[in-house]
Amino acid sequence: MSGLTSPEASHERDSSDSGPEANGAPACVLSFNANDPTGAGGLTGDALVMGSVGAHLLPVMTGSYLRDSRETVDHAALDAAAIAQQAQLIAEDMPLQAVKVGFVGSAEAVAAVASFVSDYPELPVITYMPDLSWWDEQQIDNYQDALRELLLPQTAVLVGHNTTLRHWLLPDTASRRHTDATDLARAAAELGVSYVLVTGLVKPGERIGSVLVSPQAELCAQEFERIEADFLGAGDTLSAALTGLLAMGSDLTEATVEALQYLDQALDHGFCPGMGRALPDRLFWAEAEDPPATGTAPDAPAPDDLTQVLHDTKH
């Protein structure tokens with residue numbers, strides 16, 4: 001089960017539900033992801049994004065990247081049993097509205113995550129496939145095979161860059177730069193995925209496109225001006241925003257458009273704290289347009305005003 005209503009339908013909830021809508025608490029999103037010491041992605045990025053869209057993150061650490069802003073050297077995986085126990089304890093304590101799966105670090109961890117989400121078939125599972133080119137080839141194969149067999153059949157939306165998804169799902173077309181996104185959706189559907197959000201599509205006029213697709217059709221598409229920087233953490237940012245917005249009650253198409261606009265603004269306000277790649281600024285909405293006068297608090301938009309901030313995008 002995907003845990004999602006169709007994009008054409010509203011995301012209706014039972015008024016008698018005791019979830020966050022009933023008691024005023026933010027929606028809780030459980031994220032399986034790695035620690036990222038750069039703060040670009042991983043659980044740190046997920047926390048910043050979830051707070052920005054008004055959701056509450058329940059972080060389940062799967063290990064830690066060994067990286068700086070220039071390169072990823074390796075990943076130290078956490079034991080699969082510890083990952084499973086983290087998730088089970090928190091799920092028995094707090095109501096979940098959605099699950100994000102980032103990089104979990106090993107085939108054994110994928111199996112643990114898949115076993116967990118199988119107990120909650122009503123929850124939408126958003127799976128992000130990062131670029132794994134830094135990793136050992138055999139580890140990549142084992143990891144992707146486990147995702148394909150165990151997790152994708154339970155995934156509502158698969159998120160990834162066009163190049164990464166083509167190499168994984170359509171290896172025979174990897175050399176073709178302009179593979180139709182619906183081909184990726186059909187390949188994913190054969191593995192049980194309902195929808196695919198494909199990023200990094202090259203468009204005319206120095207623009208970059210993203211598209212939400214089902215096996216039958218493109219459901220929504222967005223284009224933005226190319227930003228002349230190499231970013232770390234963009235995919236984690238987008239997938240976290242999508243998951244948080246779905247958890248907050250947005251339908252899939254609405255959540256996709258808003259998540260893409262959020263990512264565009266985060267990249268547009270990005271910064272480069274190290275000697276390598278730039279990082280998205282997930283808290284761009286908190287910045288005042290003009291420096292406040294001395295002793296005056298900045299008049300910045302709160303997370304509840306995020307939609308208005310996103311719709312003021314210049315792109």
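**Exercise 1. Helix α6**

How many of the 8 residues of α6 are buried?

*Solution.* Some ground rules come first. The structure is a predicted model, in which local features need pLDDT of at least 70 and side-chain atom pairs count only at pLDDT 80 or more, while totals for chains, interfaces and linings use all residues. Residues are numbered from 1 along each chain as its sequence is written, and side-chain values use heavy atoms, with hydrogens and water left out.

Step 1. Helices (H or I, at least four residues) and strands (E, at least two) are DSSP runs, numbered from the N terminus. A residue is buried under 20% relative accessible area, exposed over 50% and partly exposed in between, with a 1.4 Å probe and protein chains only.

Step 2. List the residues. In α6, N162, T164, L165, R166, W168 and L169 are buried.

Step 3. Conclude. Because 6 of the 8 residues are buried, α6 is largely enclosed by the rest of the structure.

Step 4. Find the surroundings. The buried residues of α6 pack against β5 (125-129), α5 (137-151), β6 (157-161), α7 and β7, where contact means heavy atoms within 4.5 Å.

**Exercise 2. How α8 meets α9**

Describe the crossing of α8 and α9 and the residues that make the contact.

*Solution.* Step 1. The axes of helix α8 (residues 234-247) and α9 come within 8 Å and cross at roughly 140°. Axes here are lines fitted to C-alpha atoms, for helices over the stretch in contact, and angles run from 0 to 180 degrees between N-to-C directions.

Step 1. The crossing is right-handed. A crossing has that hand if the near helix is turned clockwise from the far one by less than a right angle, and is left-handed if anticlockwise.

Step 2. From α8 the contact takes A234, T237, L238, A241, L242, L245 and L246; from α9 it takes L252, A255, T256, E258, A259, L260, Y262, L263 and L267.

Step 3. By class, the contact has 13 nonpolar, 2 polar and 1 charged residues. Ala, Val, Leu, Ile, Met, Phe, Trp, Tyr, Cys and Pro count as nonpolar, Asp, Glu, Lys and Arg as charged, and the others, Gly among them, as polar.

Step 4. Look at T237, which lies in α8. T237 is buried, with a relative accessible area of 1%. Beyond its neighbours within four places in sequence, T237 is in contact with A40, V49, Y262, L263, P280 and R282.

**Exercise 3. Aromatic pairs**

Count the aromatic pairs and describe the one formed by Y262 and F284.

*Solution.* Step 1. Rings of Phe, Tyr and Trp (its six-membered ring) pair if their centres lie within 6.5 Å; planes under 30 degrees apart count as stacked, over 60 as edge-to-face and the rest as tilted. The count comes to 10 aromatic pairs.

Step 1. Y262 and F284 form a tilted pair, 5.4 Å centre to centre with 50° between the planes. This pair links distant parts of the chain, with Y262 in helix α9 (residues 252-268) and F284 in the loop between α9 and α10 (306-311), 22 residues apart. Both Y262 and F284 are buried.

Step 2. Y65, F103, W134, W135 and Y143 form one aromatic cluster. The charged end of R67 sits over the ring of Y65, 3.9 Å from its centre; the rule asks for NZ of Lys or CZ of Arg within 6 Å of the ring centre and within 35 degrees of the ring normal.

**Exercise 4. The residue V101**

Is V101 buried or exposed, and which residues is V101 in contact with?

*Solution.* Step 1. V101 lies in strand β4 (residues 98-101) and is buried, at 1% relative accessible area.

Step 1. Apart from neighbours within four places in sequence, its contacts are F32, V113, V125, I126, T127, Y128 and L151.
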